[in-house]
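Work through the exercises below with the sequence and the model at hand. Each task is followed by its solution in steps.

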Amino acid sequence: MPSSFNMNNLPFSLLTEEEQSMLRQNLDIGYFQKGEVLMAAGSVPEGVYVIYKGLVSESEAVDGEDDGQEHVFVQYQEEDYFGGWSAIKGKAIHDFTAVEETICHIIPTKTVLDLVATNSLFADYFTQNLAAKAEIMEQHSEDQDMAEFMLARVCEGVIREPLIVVEGTSVAETTKMMREKHVDCVLVKRGSRYGMVTGTDLLDAVVINSLPLDADVAEIASYRLISIDPDDYLFNALIMMTQQKIERIVVIKSQELVGIVELTDVLSFFSSHSHVIGLRIERAKSVEGLHQAAQGLNKLIKSLVSHGVKTRFAMDLLAAMNGRIMAKLFDLMVPPDIQPHVCLIVMGSEGRGEQIMKTDQDNALIYRDGLAWPEMHEVMQRFSKQLIEFGYPKCPGDIMVSNPEWVNSLGDWTQKLSDWSSSWEEQDQMNLAIAVDAKPVAGNPALFKAGRNWFFKSLKNNDLFFSHFAKVALDFDTPLTFFGNLKDKGQLDVKKGGIFPIVHGVRTIALEHRILATNTFKRLEALAEAGVIEERHAKDLTEALGLFIQLRLRQQIKRADEQEAGVDLTPNTLDLQSLNKMERDLLRDAFHIVKGFKKHLELKYHLGGR
């Protein structure tokens, strides 16, 4: 029955036509009765089994049980394959038993090994983890243009050789050289340091500050340069320019100057027009002008997703955009003389930079102890109302600066953090979880940092707090059946079942080790680098979280388009019927990673008695 074998499913779609033909020629077929063992643990496998019809369970005997009880890991159904790892290793690692009458295609072990030897992608799919499978699926998606951009490096043709002058060069000489070279910026070398001077800097120096033309150009250079490694992703350069509100980045390799990357060069690779939105935000002189700029974000989100941009890159860019919108609105509404004495923070998923679609406002204001600003609450209420009009919904829990409970002096803020951390009330624990993911977006960030640093010190060696705080990650069941398959056939809550356990578990471990990053992906990187979490484990959690967010986002956009108001009413729901088989398999694998992580938290924080 070679013609009945489906070559369109991964990993068989990775094979060339010649390899697929060879596979078909060597296919065998197996018929198994209910209860029959297809492959026994420790035996030499016949090959890889692909189910044509029926159901097979993978299990192992439970240690210490005399009644033959087995632990079932997962069940396989139509078009699932199993035994790949066993075939490559030459010995079955578990028992595979027919749960019902089953028909399987069997790919002989020799054929599997021949294909693994000649096709590296096929081999990786069998032997690697969720991260490799997700990467392979992404590489073979329909839209490759943007995916190729996402993999482009800074060193791939966009680095410009800079015009360099030395300290002592006059403003007049520098201006002449820039005109001759047709450049708009110059690097000034002062000792071992480099500074940057742009055409605008020269104009301001001469016209506004009345600097003489024979003045040393090194005196007007900026020496706080933003740099990037030539092997970094080009998209990261765009994110950095967006976050820092600049148009040029210096490229540094091993502390040596390589060149300059300009925004115009990056944009030649990228067509989402994110830079246009960024410019509109910066140029907005009124709330109305800023409102118009903010309206472009939803279109940008759809463009990024439809062009295959990696979810994590899209999150970084949109977090930067959202932060700039809020900061600009803050600048427009809060008097300049007040701003050094207050700090606007965003919290929750916005603070972590892990939301793409506009979600509930989670923000707060910290102000200097003793500040006299009678209009504070009135301005904050108008600020929240304006954000709602911009498309940032009101928080159902009223965690917003329009609520006086979330407008606090530095002393009151630290006291609240202390009270929440010593309380076992569910709402207090949730408030704390939201607050510890905060980041400053406007005003004086020193106020936020002072509160954060105090809180970190107060938690030192507080094992009881971390044990109790970690429990929250176990509150929701992982949506897997006893047999390891997806529990629901229709819909499931991906936030409760997958996203929250990872986010809160990683949040707890990061707090314990005083990791300053709030983004979960960056927290995982920092924890792996510090040796707190195994690198492999951190990578699995990263890929699982990325998959959950990606699948959720795709369905959020679809549902929002179907609603007249353009808002998804069930943002955390995944419709399993709309996923293809590969996506469902990856989702199942990701939930198994979540299940393992929860076990790790139970052991680490002694939560076995829950």
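**Exercise 1: a surface patch**

Val207 lies in helix α8 (residues 199-208); helices are DSSP runs of H or I with at least four residues, strands are runs of E with at least two, and both are numbered from the N terminus. The model is predicted, so local features need pLDDT of at least 70 and side-chain atom pairs count only at pLDDT 80 or more, while totals for chains, interfaces and linings use all residues. Residues are numbered from 1 along each chain as its sequence is written, and side-chain values use heavy atoms, with hydrogens and water left out.

Task: Determine whether Val207 is buried or exposed, and state which residues form the nonpolar patch.

Solution.
1. The relative accessible area of Val207 is 59%. Buried means under 20%, exposed over 50%, and partly exposed in between (1.4 Å probe, protein chains only), so Val207 is exposed.
2. The patch consists of Leu203, Val207 and Ile208, with about 330 Å² of accessible area together. Areas come from the Shrake-Rupley method with a 1.4 Å probe, and for residues only the protein chains shown count as cover.
3. Patch members have over 30% relative accessible area and no salt bridge; nonpolar side chains (Val, Leu, Ile, Met, Phe, Trp, Tyr) are joined within 5 Å, like charges within 9 Å. A salt bridge is a side-chain nitrogen of Lys or Arg within 4 Å of a carboxyl oxygen of Asp or Glu.

**Exercise 2: an open sheet**

Task: Give the strand order of the open sheet of three strands, and explain why one side of β12 and of β14 is left without a neighbour.

Solution.
1. The order is β12-β13-β14, with mixed pairing; two strands pair if DSSP finds at least two bridges between them.
2. β12 (227-228) and β14 (256-262) are at the edges and have a single partner strand each, so one side of each has no neighbour in the sheet.
3. β13 (residues 248-253) pairs with β14 in the antiparallel sense over six bridges. Val250 has Ile260 in β14 as its bridge partner.

**Exercise 3: a ring pair**

Task: Classify the pair formed by the rings of Phe465 and Phe469.

Solution.
1. Rings of Phe, Tyr and Trp (its six-membered ring) pair if their centres lie within 6.5 Å; planes under 30 degrees apart count as stacked, over 60 as edge-to-face and the rest as tilted.
2. The centres of Phe465 and Phe469 are 5.1 Å apart and the planes are at 20°, so the pair is stacked.
3. Both residues belong to helix α20 (residues 463-471), and being four residues apart they are separated by about one helical turn.
4. Phe465 is buried at 1% relative accessibility, and Phe469 is buried at 0%.
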